[in-house]
Amino acid sequence: MAVLYLDDHLRITYTPRPSSAAVRLIGELDAANHRAAADTLRRAGRDDDPLVIDCEHLDFVDVAGLRMLIDLCRDGRARIANPPAQLLRLLHLVGLALP
C-alpha cells in the first residue's frame with residue numbers, strides 16, 4: 001500500500017490488484033481538496049482496468065467532492081465501493097444510485 005495524496009483532511013492510499021487498481025479515501029473530501037484528489041485518482045487508474053474507490057473511511061463529503069466522484073464514475077472507468085451512509089444519502093438526493 002502506498003500513500004498517493006496527503007493533506008490535513010484527506011489521505012488517499014493505493015493498493016494494486018491483479019484486475020483493478022484500488023484506492024482508499026480516508027478523511028474529508030471537500031472543496032479544498034477535490035481537485036488534487038481528482039488528479040491523484042486519475043493518475044492511479046489504469047486504462048484497461050477499473051479504478052475501485054473505497055469510500056468506507058470518508059467522514060465527510062461536500063458537493064464539490066460528490067461531483068468529483070460522480071464525474072470519475074460516469075464513464076465507467078471508476079466505481080465507488082463501501083460508501084458510508086452519508087455518501088449514499090447524497091447520491092440518493094441527487095438521483096443517482098450505485099450499481
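**H2 against H3.** I began with the pair of helices H2 (residues 63–74) and H3 (residues 85–93) in this predicted model, and found that their axes come within 11 Å and cross at roughly 75 degrees. I noted that the contact, meaning heavy atoms within 4.5 Å, is made by Leu-66, Leu-69 and Ile-70 on the H2 side and by Leu-87, Leu-90 and Leu-91 on the H3 side. Sorted by class, this contact has six nonpolar residues, no polar and no charged ones. The axes are lines fitted to C-alpha atoms, for helices over the stretch in contact, with angles running from 0 to 180 degrees between N-to-C directions. Helices (H or I, at least four residues) and strands (E, at least two) are DSSP runs, numbered from the N terminus.

**Ground rules.** I kept in mind that the model is predicted, that local features need pLDDT of at least 70 and side-chain atom pairs count only at pLDDT 80 or more, whereas totals for chains, interfaces and linings use all residues. Residues are numbered from 1 along each chain as its sequence is written, and side-chain values use heavy atoms, with hydrogens and water left out.

**H2 by itself.** I looked up the span of H2, which has 12 residues and reaches 16 Å from its first C-alpha to its last, close to the 16 Å expected at 1.5 Å a residue; the expected span is 1.5 Å times one less than the number of residues. Its buried residues (under 20% relative accessible area, with exposed over 50% and partly exposed in between, for a 1.4 Å probe and protein chains only) are Ala-64, Gly-65, Leu-66, Met-68, Leu-69, Ile-70 and Leu-72. These buried residues pack against strand S3 (21–29), helix H1 (34–44), strand S4 (51–61), S5 and H3. At the start of H2, I found a side-chain oxygen of Asp-62 within 3.1 Å of the backbone nitrogen of Ala-64, and H2 is followed by Gly-76, whose phi is positive, near 85 degrees.

His-34 has its place in helix H1 and is buried, with a relative accessible area of 15%. Leaving aside neighbours within four places in sequence, I listed Leu-29, Ala-64, Gly-65 and Met-68 as the residues in contact with His-34. Ala-78, in strand S5, is buried at 9%, and, not counting residues up to four places away in sequence, Ala-78 touches Leu-51, Ile-53, Leu-72 and Cys-73.

**The loop between S5 and H3.** Which residue other than glycine has a positive phi near 55 degrees? I found that value at Asn-82, which lies in the loop between strand S5 (78–81) and H3 and counts as partly exposed at 42% relative accessibility. Pro-83 has its place in the loop between S5 and H3 and is partly exposed, with a relative accessible area of 21%.

**Gly-27.** I ended with Gly-27 of strand S3, which is buried, with a relative accessible area of 10%. Not counting residues up to four places away in sequence, Gly-27 touches His-9, His-57, Leu-58, Asp-59 and Phe-60. I also noted that the C-alpha atoms of Gly-27 and Glu-56, 29 residues apart along the chain, are separated by 9.7 Å.

Methods: Ala, Val, Leu, Ile, Met, Phe, Trp, Tyr, Cys and Pro count as nonpolar, Asp, Glu, Lys and Arg as charged, and the others, Gly among them, as polar. A polar contact is a pair of N or O atoms within 3.5 Å; within protein, one must be able to donate a hydrogen and the other to accept it, and residues adjacent in sequence count only if both atoms are side-chain atoms.
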